[in-house]
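This report goes through selected side-chain features of one protein model.

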Amino acid sequence: MNTRSFVRENIKAPMRNVQRLFIIFYLFLFFQIQTAGQSFPVQTYTLETGLNTNYINGVTQDKQGCMWFATEYGVSVYDSHTWKNYSDRDGLPRNEYFLIKADSNNNIIAVPYWSGSRIAIFKNNKWTLIDELPQLNTIYKNFTSFDFIYENNKQILYFGTNEGVFLYKDKKWSRISQNEGLIDDRVNTVKSFQNKLYVCTENGLSVIHDGKVDNSLNSVINITSKKIKSIEFESVNNSSAPIIWLLGNKWIGKIQNQKFNLVTPNNKMITEFPTQKLKHICFLYDKIDRIYYGNEVEMFYLEKSTGKVITINQDNKFTTSGSSAIFIDRESNLWFTSYRGIDKVSNFCFQNFFKENGLLENEVASAIEVRPGYYIFGHNHGITILKEGKFSTITLTRPSDKNYSVSRIMDLCKDRMGNIWIAGSELGVGKMGSSREISWMQYKTVVQINSVITDIHGTLWVGSDTGLFKISEDHSNLILINDKEFLNIRKIFSDADGTIYGACVDGLAIYKKGVFTKLSVSKLQFGNSIYAVQNYIGNKKFLGTSNGLYILENGFIKKFRVNNFTIDKKVFFITNDGDNNYWFGTNDGIIKWDGKTARRFSLEDGLAGRETNRSAYILDSFGKVWVGTDRGLSCYLPQYDIPIKPPVIKSIEVEDSKGVIHDLANSFETSQSENSFIFQFRAISFINEKFIHYKVKLEGLDSIWTEIGTNNYIRYTNLNPGNYKFLVRAKNLDGDWGLASASDTIIILNPFYKRWWFILIFVGVIGVILYMIQNYISEVKYTHKLEKEVLLRTAALKKSEEDLLQLNAMKDKFFSIVAHDLKSPFQGLLGISNVLAEDHGRLSDDEVKNISFNIYKTTKNLYTLIEQLLGWAQLQTKRMECNIEKLVLQSVVIDVFNLISENAEEKSIEVQNRITNDVIVSADVRMLDSILTNLISNAIKFTSKGGKISISSTYRNNLVEICVNDTGVGIDKEKIDKLF
């Protein structure tokens with residue numbers, strides 16, 4: 001086999017002339033560029049998203065989590081769902097507002113640029129204005145900054161100008177200038193910390209506390225230029241003094257324990273522009289490692305850990321190169337306001353690099369760390385070299401060539417001599433030395449080279465679609481080792497004992513101590529298609545497959561599931577970062593697993609691309625994890641992988657069946673007929689507004705929480721009367737659930753006939769009726785007694801005692817019958833009157849007329865029943881004779897049913913009269929009515945809704961036997977024996 005050195009430009013034929021190689025190499029294949037830094041995952045808010053202007057000056061956040069912005073037209077607020085733009089219609093004067101802050105009482109203070117305009121405060125959901133700042137030298141001045149401190153629980157507002165500091169206290173203005181000890185009247189920034197006011201001026205730093213000015217810190221700032229533009233504070237820990245960060249005119253320094261340290265003598269910021277007067281100064285510590293600063297035309301950040309100053313601008317995906325204000329919110333999102341809108345960066349745990357940052361191409365197929373700070377990345381048409389922060393590229397084919405598999409750099413490795421070996425698909429195996437010259441070798445039967453590694457002995461192994469190869473010791477040719485088990489190799493791996501593993505399309509190939517084996521289990525299906533092999537615990541090995549994550553243990557392959565952790569996506573690579581964290585590259589981002597919990601990263605979390613590549617990962621010398629994706633290169637920064645705070649529930653509202661919305665911050669009461677609701681709720685989070693998840697529970701109904709995804713509403717229908725509370729929790733896509741927020745009480749009232757006042761009235765009415773009946777019976781008893789005394793004078797005493805006992809028994813029985821027989825008709829009457837009472841506004845005249853007629857009919861029947869009861873009472877007192885007559889039994893039953901039909905209809909009970917019209921009986925009609933009414937009423941009472949009652953008759957021994965059958969609960973045998 002011949003070794004040929006050449007560089008391809010989509011040409012398969014080898015270059016035969018070394019001189020020609022160098023000419024091509026240096027003319028157009030190799031060039032070096034300066035890196036433009038990382039790309040940030042920026043989300044932009046402009047007019048199109050809800051702002052009324054793109055000209056934004058300031059930003060703050062209130063206690064609820066809403067973001068407030070000072071704009072050229074007023075003030076705007078964003079709750080992660082909707083925008084509200086305040087203007088003169090809301091009581092806010094139309095001014096350009098320059099500065100904005102939320103105080104400890106959650107009031108929003110908006111400060112205009114010119115002191116001639118009034119400062120506005122949003123308090124109790126309305127805007128109020130404070131008195132204007134008095135003119136100085138008949139000229140209105142501009143505000144440069146403002147902040148506040150508290151003295152004796154009273155708020156004092158401080159404003160920086162170019163004529164000193166003005167304070168607003170007890171509704172009065174006063175001034176602190178050089179005459180009062182201020183080091184300079186030209187104030188750039190005022191900022192409060194630990195209830196002291198720090199004043200940055202053109203000639204040093206002053207501290208105002210308890211009405212006194214202290215300039216002692218200037219003695220420790222040992223630098224020629226004392227121009228201080230802004231100040232920030234870093235709380236280290238409870239035992240150490242805080243760090244005071246200073247942004248100078250050209251420098252950045254810090255003070256701790258009365259000692260000054262110059263961090264950088266050149267902060268790169270240009271403070272004077274001949275064509276533009278700068279109004280803003282930005283300076284912010286992100287509480288981790290970066291200090292952001294700049295003005296409306298330029299932005300930078302300082303890395304504390306390295307001391308590097310890095311420019312950020314439109315090349316880093318920002319809307320513009322400058323910023324009017326920089327703010328960090330409660331979730332560690334960074335907000336950058338400018339004259340072109342608002343930029344927000346939510347994810348900082350990845351540094352992302354793309355073609356515009358210096359990569360040859362966005363897709364990264366392979367990666368290797370040559371030595372600390374020196375990396376090589378493989379692409380579809382060449383390689384990118386990152387060395388000491390600078391990118392350089394080598395092109396191997398024209399990027400316009402769509403058949404990138406011909407020259408895709410599939411894998412990279414390093415030998416003991418420091419040479420880089422390249423698996424270059426159909427280009428073959430490449431070798432790159434320190435001069436970056438690439439020489440290629442091919443094997444006549446090899447179609448595609450997919451992988452290249454160095455084992456513990458320094459041997460170079462090559463995996464291809466046709467088998468497993470070694471590279472000869474003199475690096476001159478490829479030696480075939482196996483062309484059976486090691487076919488269609490995607491990637492090869494070397495173990496600590498020298499075992500070679502081949503991740504193949506159809507299983508796992510193993511070469512150990514001269515023995516070749518192939519593990520392939522048909523029931524694994526897509527699990528046979530393997531991409532990655534990685535050591536796990538003991539002799540176990542992870543296998544990344546097309547069907548997810550598998551484990552190799554004792555020669556058997558099975559799906560991996562531990563502590564509820566498994567992966568069902570394609571797993572392209574697996575690595576361990578040395579801190580017992582396993583990293584899995586998938587077709588939908590990467591997964592970090594520590595053996596207990598999993599952390600998933602995708603596009604929404606700042607990863608450059610969604611799909612990873614099987615050879616495009618590095619655990620570098622600094623502990624950083626590099627991941628190549630289909631869209632760019634990502635570098636994981638663990639210090640910025642901070643826990644995601646749960647969203648804050650802003651509001652809980654309910655919409656009733658009439659479409660009226662009620663704020664559930666207060667209790668809500670409704671009738672039983674209005675018992676269907678739509679609960680609406682909102683949580684505030686700016687990490688990713690579209691992926692806030694909710695779960696809810698209605699106390700009084702639900703026993704468990706219900707997850708409803710990203711929907712911020714849920715419907716409940718036909719709730720029973722009672723008291724309820726609505727609870728909701730929220731979380732971000734990969735965060736934890738927040739604490740439950742609860743509504744006030746929701747009260748669904750009972751129907752009117754179940755309320756205490758109606759029951760009281762009903763009992764009163766029944767009491768009056770019973771009193772009248774009892775009074776009548778008493779009169780009857782008294783009259784009967786007198787008659788007996790006249791007729792039976794001598795035996796009256798004994799007979800009256802017997803009569804009295806009999807009458808008392810009769811009274812008890814009568815009361816029982818009255819209570820029983822009146823209950824059913826009254827229930828029917830109540831049902832009809834309830835419809836008229838609650839729905840009278842929605843009933844037509846005909847319906848009202850029909851209901852009124854039914855009430856009349858029911859009342860008339862009730863009156864008839866009372867007459868019958870009174871007649872029965874007369875009969876019992878022997879004031880009425882029994883009148884036997886022939887009756888058509890069917891007609892009597894029909895009359896009785898008409899009396900109590902409303903009760904049957906209310907329970908949807910079917911009543912069947914099976915008595916024919918030829919059945920004639922001899923009876924007292926009143927007694928027969930009373931008996932049948934009692935029997936049928938009992939049947940209706942103890943029959944469930946939708947049941948049946950049948951009335952029939954049979955002839956037995958010249959008598960007519962009447963039978964009332966029902967589908968009710970029945971009567972115990974013991975009770976039946978006691979009835980008669």
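## Salt bridges

The model contains 27 salt bridges, a salt bridge being a side-chain nitrogen of Lys or Arg within 4 Å of a carboxyl oxygen of Asp or Glu. Side chains of opposite charge can pair when their charged atoms come close. The model is a predicted one, in which local features need pLDDT of at least 70 and side-chain atom pairs count only at pLDDT 80 or more, while totals for chains, interfaces and linings use all residues. Residues are numbered from 1 along each chain as its sequence is written, and side-chain values use heavy atoms, with hydrogens and water left out.

Lys317 pairs with Glu356, with 3.3 Å between the closest N and O atoms. Strands (E, at least two residues) and helices (H or I, at least four) are DSSP runs, numbered from the N terminus. Lys317 is partly exposed at 38% relative accessible area, and Glu356 is partly exposed at 44%. Here buried means under 20% relative accessible area, exposed over 50%, and partly exposed in between (1.4 Å probe, protein chains only).

In the salt bridge between Lys558 and Glu553, the closest N and O atoms are 3.8 Å apart. Lys558 is partly exposed at 46%, and Glu553 is partly exposed at 25%.

## Nonpolar cores

A nonpolar core is a set of buried Ala, Val, Leu, Ile, Met, Phe, Trp, Tyr and Cys residues joined through side-chain atoms within 4.5 Å. The largest one has 65 residues, and the members that touch the most others are Tyr292, Phe336, Phe377, Phe542, Leu549, Phe584 and Trp626. Strand S50 (residues 548-553) supplies the largest share of this core, four residues. Another core, of 27 residues, lies apart from it and includes Trp68, Val77, Tyr78 and Ile100.

Beyond its neighbours within four places in sequence, Leu549 is in contact with residues including Phe542, Lys559, Phe560, Ile574 and Phe584, contact meaning heavy atoms within 4.5 Å.

## Ile288

Where is Ile288 found? Ile288 is in the loop between strands S24 (282-285) and S25 (290-295), and is partly exposed at 26% relative accessibility. Not counting residues up to four places away in sequence, Ile288 touches Lys304, Gln639, Tyr640 and Ile642. Ile288 and Gln639 are 351 residues apart in sequence, yet their C-alpha atoms are 7.1 Å apart.

## Surface patch

Val768, Tyr771 and Met772 make a nonpolar surface patch of about 350 Å². Such patches consist of residues with over 30% relative accessible area and no salt bridge; nonpolar side chains (Val, Leu, Ile, Met, Phe, Trp, Tyr) are joined within 5 Å, and like charges within 9 Å. Accessible areas come from the Shrake-Rupley method with a 1.4 Å probe, and for residues only the protein chains shown count as cover. Met772 lies in helix H2 (residues 756-791) and is exposed at 54%.
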